[in-house]
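User: Please take me through this model step by step, with the criteria stated as they come up.

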Amino acid sequence: MPELGLLELREKLRTESHGLVDFVFDVLSPRLIPRDLKASSESEKVVNDPIWKMSVVGPSVLPLMELPLLQRLRRVRQLGLAHLVYPGAHHSRFEHSLGSMRAAERMFDALAETGNMPSEYQRRLRKVVTSAAILHDTGHTAFSHVGERVLQHALRDEYEAVVRILRQAFPDSLEHVSTAPAVAPERHKLPAAAELMSALFVLSPSMESIVPTLQHEFSPDECMMMMCGFILGRPWKLRDGDVHYYWAEGIISGDLDCDKVDYVARDAYYAGIPTATDIDRLLSQLVAVKARDDISAPDLHYSFGRGNPTELQLFGIRPAGASALEMFVMTRSYLFERLYAHHKVRAAERLLQRLLLQRIQIGREDEGWGLSEIFNLLYAPGGDDYVLGYLSNSENGHFAQLACRILERKLPARALAVSASSMGTTPRAEATEVSTFLPWQLAEDELSRGTVDLESEVCNLLNLQFGNDIIVDWYLPNPIREDPDIWVSDPADEATFGA
Amino acid sequence: MSYDFAALERRFYKTSKQDGLTPEVLGKIIASAWKRTYPESNTFLSYDELTRLVINHIETAPQEVKDILHFDRRPDGVRIEEMTRLIVGAQNAGFLVRANPQNVYTHIKADLMETYTMLDTYELDFPSVVTWAQTLAKNAPKTE
């Protein structure tokens with residue numbers, strides 16, 4: 001359970017975030033979550049979607065969907081500039097948010113049913129989970145991850161302060177019941193900037209006017225804290241009676257969460273890349289895996305009873321769904337190679353990232369830019385196209401030129417590609433020469449950290465203009481983690497682990 | 001007004017140099033240190049063994065290591081978020097060869113000359129990390 005109440009948490013965030021939280025709470029949130037928004041007369045809506053077909057948007061989500069906070073996402077493309085390479089990839093963060101909500105509902109229903117969750121608690125928790133699902137991406141800037149990377153660097157000190165407080169305010173849900181050595185809060189991974197912004201919007205005073213209309217059955221303060229916890233991957237109130245429903249954490253933030261389930265299917269569909277992922281099969285095989293104190297489970301670091309729950313339920317999948325899960329992971333990897341890390345997409349995004357960061361840095365150094373101007377640019381209501389249009393009309397010819405290159409798809413062409421083998425060394429060859437092996441390793445180390453220095457040197461050597469004429473790119477590490485936190489149920493007793 | 005955009009970008013990223021430790025570099029250092037400690041062995045630690053080893057020695061790790069590693073609490077123990085990057089770093093460099101699944105042993109392919117060269121080079125930039133990795137290697141479980 002969080003150690004701070006909502007009001008105390010807000011105060012602490014305001015005090016220690018160097019003005020960031022003041023701006024988000026007092027300026028940005030009121031703009032995106034207006035108090036005087038007229039509520040819809042409908043109690044639900046039916047939405048058609050190519051991935052999930054017909055979905056019902058219920059009363060715990062509908063008022064959120066109508067906020068400028070969500071509507072802005074209609075103009076933020078899910079895949080940044082990937083549409084310059086895959087012309088169909090124009091889908092927005094808005095439809096992805098709706099899709100994530102639908103995925104979360106289905107995942108929750110499957111897991112709650114197999115875990116025999118009491119119906120009253122199930123009804124209450126489901127509303128919070130679906131609300132958190134649709135809000136999880138509201139912190140995204142224009143151009144999705146490109147804008148996010150720029151924001152993360154531009155406001156690094158401010159975000160680190162916010163992360164420090166949120167990590168302490170939302171302890172890990174297993175912290176008090178685990179018998180494994182404690183993990184200090186600072187050892188947990190930092191959430192990305194967009195996720196933090198989503199969390200701040202949820203905690204903002206403006207959200208207080210909306211939450212009571214969502215028909216939640218927790219108090220508004222509890223509800224906001226719970227939604228924030230889910231978005232950060234640190235939920236609380238996952239215990240009902242003697243059961244800890246740990247699997248609920250994985251629905252919004254996990255190795256097979258609603259975000260990944262939706263984007264894998266959606267990105268492949270809109271990019272026109274055929275994949276073999278069977279989402280229906282995957283979701284139909286989800287199961288709450290029970291780890292009980294009467295079962296011998298030598299690897300389980302969990303303290304049962306003595307004030308702790310006597311049953312722990314884990315996010316699991318039936319053995320019959322294991323192949324669908326493997327295919328899902330393979331598809332993610334395939335999309336990474338073919339879509340997210342496509343060399344032309346990366347070239348376009350590098351150009352855009354350069355444009356945004358240079359604009360912000362010049363604004364800060366020469367034009368007195370502060371938080372207001374940075375957020376006005378990256379959270380413009382008009383989204384991606386507005387920001388590009390604005391920059392293409394810039395008085396500074398350098399910015400205008402860069403923006404026009406993106407608008408007209410005049411992307412950098414690949415002039416030189418190098419790999420280990422082309423440089424005379426191979427990844428672990430039978431007879432690699434140390435004379436080529438070592439320089440390659442060191443170059444790889446340096447380039448993976450950043451390319452500004454090499455880019456600058458190449459420009460000096462060839463008398464080119466830095467920031468416009470040349471881009472040095474280096475491969476992106478594949479973000480897929482091994483060892484996912486997903487349990488395969490025991491085929492002999494599918495609802496029991498360790499029997 | 002004309003700008004020095006390279007300098008501008010460096011100021012934006014708040015760095016003038018690119019010499020920090022990364023999970024991939026740490027993976028190469030650990031694999032090199034292990035090979036130097038056990039020159040006769042071709043079997044490296046499994047994913048789980050390496051995870052446990054690093055977690056058990058994290059308190060004595062230099063700050064550079066602590067800064068780049070993050071932990072994830074699971075019902076069956078603690079995991080290192082960056083473990084995949086650590087191993088893949090060494091794998092991409094050609095030091096390690098793995099087969100699926102992850103609980104099988106990992107073969108180390110780096111030869112002694114490479115590992116000595118790499119460790120000596122890394123020692124110039126990360127002396128305390130190399131020393132710590134050598135301690136890790138000495139405390140590693142036997143693999144063969």
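**Packing and pairing in the two chains**

User: What pLDDT do local features need here?
Analyst: Residues are numbered from 1 along each chain as its sequence is written, chains are lettered from A and ligands numbered from 1 in the order in which they are written, and side-chain values use heavy atoms, with hydrogens and water left out. This is a predicted model, in which totals for chains, interfaces and linings use all residues, side-chain atom pairs count only at pLDDT 80 or more, and local features need pLDDT of at least 70.

User: How many of the 10 residues of H3(B) are buried?
Analyst: The buried residues of H3(B) are Tyr47(B), Glu49(B), Leu50(B), Thr51(B), Leu53(B), Val54(B) and Ile55(B). Helix H3 (residues 47-56) of chain B is therefore largely enclosed by the rest of the structure, its buried residues numbering seven.

User: What share of the residues of chain B counts as buried?
Analyst: Chain B has seven helices and five strands, and among its contacts between residues at least 6 apart in sequence, 70% join residues at least 24 apart. Of its 144 residues, the share that counts as buried is 58%.

User: Are H20(A) and H1(B) roughly parallel or roughly antiparallel?
Analyst: Axes are lines fitted to C-alpha atoms, for helices over the stretch in contact, and angles between N-to-C directions run from 0 to 180 degrees. Helix H20 (residues 452-462) of chain A packs with helix H1 (residues 5-12) of chain B at about 175 degrees, their axes being 10 Å apart. Since angles under 35 degrees count as roughly parallel, over 145 as roughly antiparallel, 65 to 115 as roughly perpendicular and the rest as oblique, H20(A) and H1(B) are therefore roughly antiparallel.

User: Within what arc do the buried residues of H20(A) fall?
Analyst: Val452(A), Asp453(A), Glu455(A), Ser456(A) and Cys459(A) are buried in H20(A). Seen down the axis, these buried residues line one face of the helix because they fall within an arc (that of the directions from the helix axis to the C-beta atoms) of 165 degrees.

User: At roughly what angle do the axes of H2(A) and H9(A) cross?
Analyst: Helix H2 (residues 20-32) and helix H9 (residues 193-203) of chain A have axes that come within 10 Å, and these helices are therefore roughly perpendicular to each other. The contact, made by residues including Phe25(A) of H2(A) and Met197(A) of H9(A), has nine nonpolar, one polar and no charged residues, where Ala, Val, Leu, Ile, Met, Phe, Trp, Tyr, Cys and Pro count as nonpolar, Asp, Glu, Lys and Arg as charged, and the others, Gly among them, as polar. The crossing angle is roughly 75 degrees.

User: Which residue in S2(A) stands opposite Lys45(A)?
Analyst: Strands S1 (residues 45-49) and S2 (residues 53-57) of chain A run antiparallel and are joined by five bridges, where pairing requires that DSSP finds at least two. A hairpin of three residues links S1(A) to S2(A). Opposite Lys45(A) stands Val57(A).

Key: Helices (H or I, at least four residues) and strands (E, at least two) are DSSP runs, numbered from the N terminus. Contact means heavy atoms within 4.5 Å. Buried means under 20% relative accessible area, exposed over 50%, partly exposed in between (1.4 Å probe, protein chains only).
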